[in-house]
Amino acid sequence: MSDGVGLIERFYRDVMESGNLALIDELATENYVDHEEGLPGQPSGKDGVKFFVNTMRSAFPDIKVKAIEPSMAAGNMEACHVILTGTHRGEMAGIPATGKSVEFDCTDIIRVEDGKVAEHWGTTDNLALMQQIGAVAVA
């Protein structure tokens with residue numbers, strides 16, 4: 001098992017859900033690299049993670065982890081699938097609050113170095129999210 005098992009879950013529960021942005025500096029290496037630009041205008045590195053969390057928590061202040069699929073860890077890598085829920089109560093990518101409930105998922109892979117996240121690759125189902133708040137028509 002990797003020394004990083006649980007880092008993704010800790011991020012979603014303690015940072016995304018609870019809003020503890022200071023924990024990002026503890027969980028990530030100084031030279032952290034994020035290979036996902038989750039939101040338009042998202043900066044790189046730890047600042048990008050903080051931007052993503054702030055944006056999501058502003059748009060969905062009641063954001064919660066519905067499920068975290070069993071994590072997989074091998075060597076210094078960890079991966080999992082996360083399902084999030086929330087209510088659209090703030091602006092999201094130019095879309096004003098709609099009050100609609102959403103459920104969307106994220107898939108994350110991280111590389112761990114000395115017990116901290118050194119690299120992240122991920123996808124967030126932004127299309128499903130935008131469809132649920134009415135920003136994109138459902139085909």
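The model is predicted, so local features need pLDDT of at least 70 and side-chain atom pairs count only at pLDDT 80 or more, while totals for chains, interfaces and linings use all residues. Residues are numbered from 1 along each chain as its sequence is written, and side-chain values use heavy atoms, with hydrogens and water left out.

Searching the whole structure turns up one cavity of 30 Å³ or more (on a 1 Å grid over the protein atoms alone, a set of points where a 1.4 Å probe fits but cannot get out; lining residues have an atom within 4 Å of a point). The largest cavity holds about 330 Å³ (the space filled by probe spheres set on the points, which are joined across faces, edges and corners). Its lining has 20 residues, with Phe11, Tyr32, Asp34, Val49 and His120 closest to the centre. α1 gives the largest share of that lining, four residues (helices are DSSP runs of H or I, at least four residues, and strands runs of E, at least two, numbered from the N terminus).

As for the largest nonpolar core, 34 residues make it up, and Tyr12, Met56, Phe60 and Met92 have the most contacts inside it (buried Ala, Val, Leu, Ile, Met, Phe, Trp, Tyr and Cys residues joined through side-chain atoms within 4.5 Å; buried means under 20% relative accessible area with a 1.4 Å probe, protein chains only). Here too α1 supplies the largest share, six residues. Neighbours within four places in sequence aside, Tyr12 touches Glu17, Val65, Val82, Leu84, Cys106 and Asp108 (contact being heavy atoms within 4.5 Å).

Notes
1 Å grid on protein atoms, 1.4 Å probe; cavity = no way out; pocket = protein on both sides within 12 Å on 5 of 7 lines; lining within 4 Å. Buried < 20%, exposed > 50% of the residue type's maximum accessible area, 1.4 Å probe, protein only.
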